[in-house]
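Student: I have a structure to go through. Please start with the terms.

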Amino acid sequence: MALDYPSMVAEELREAARVLDAFLSDPQHVLHVEQAAVLMAAAIGHGHKIISCGNGGSHCDAMHFAEELSGRYRDDRRSLPAIAISDPSHLTCVGNDYGYEFIFSRFIEGLGQPGDVLLGLSTSGNSANVIRAVEAARRKNMRVVLLTGKERGFPRRPVRPAFRTLATPTASRKSTSRSSTSSFYWWRRWSLKKRKKAGFDSEETLNSARQTPDGTDAPDHDS
């Protein structure tokens, strides 16, 4: 029996719409996205950075989020301090010497600073290495933002007020990724908006941002 590909595509799109509708149906979800955006923009505004991490597809999402802050997203502006824990030499070294559970926490221990933000992604809500990273971030007095599927897995002990957990209303990993993508979009836009409002992107800074290292104008494209 031949597969009905158009119907399969349509169903995938309908599922994406259902996930976003379910997310929007709870005002707390939207509020949490806004709170996380304010938290991250404020950290950048005070000279701190965002460190993101995740496994598999979440690892790719973590890199995508960081590169559009340090690179170019929508407008010419100064690079913003964000980095994903993605260095292969670090990941394989720590994984080999200490165990995969510690690949993110060791990075936080070495490079995290008070006031920085950890953005942790776990569609299962049970990633041991992300949990370890959260614990390391707490010890470093960092802020923490988590994107997880369903409210499960992460420790339920009391946390600081800056700790934000954004749980999507579904256990589906691909549906969680869809909600995460929407959240990323808003957080990037909010960070850029707050930087402009603070006068961070002066005309001199923008002119510098438009040029490549050899002094020529950068191409006009988006990520």
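Tutor: Buried means under 20% relative accessible area, exposed over 50%, and partly exposed in between (1.4 Å probe, protein chains only). This is a predicted model, where local features need pLDDT of at least 70 and side-chain atom pairs count only at pLDDT 80 or more, while totals for chains, interfaces and linings use all residues. Residues are numbered from 1 along each chain as its sequence is written, and side-chain values use heavy atoms, leaving out hydrogens and water.

Student: Ok. How many salt bridges are there in the whole structure?

Tutor: Six. A salt bridge is a side-chain nitrogen of Lys or Arg within 4 Å of a carboxyl oxygen of Asp or Glu.

Student: Which residue does glutamate 101 pair with?

Tutor: Arginine 132, at 2.5 Å from N to O. Glutamate 101 sits in the loop between H4 and H5 and arginine 132 in helix H6 (residues 128–139), 31 residues apart. Helices (H or I, at least four residues) and strands (E, at least two) are DSSP runs numbered from the N terminus.

Student: Is arginine 132 buried, exposed or partly exposed?

Tutor: Partly exposed, at 30% relative accessibility. Glutamate 101 is partly exposed as well, at 31%.

Student: Switching to H4. Which residues are buried there?

Tutor: His90, Leu91 and Val94, in a helix that runs over residues 88–97. They lie on the same side of H4, because they cover an arc of only 95° around the axis, taken from the directions from the helix axis to the C-beta atoms.

Student: And what is on the face turned away?

Tutor: The exposed residues Pro88, Thr92, Asn96 and Asp97.
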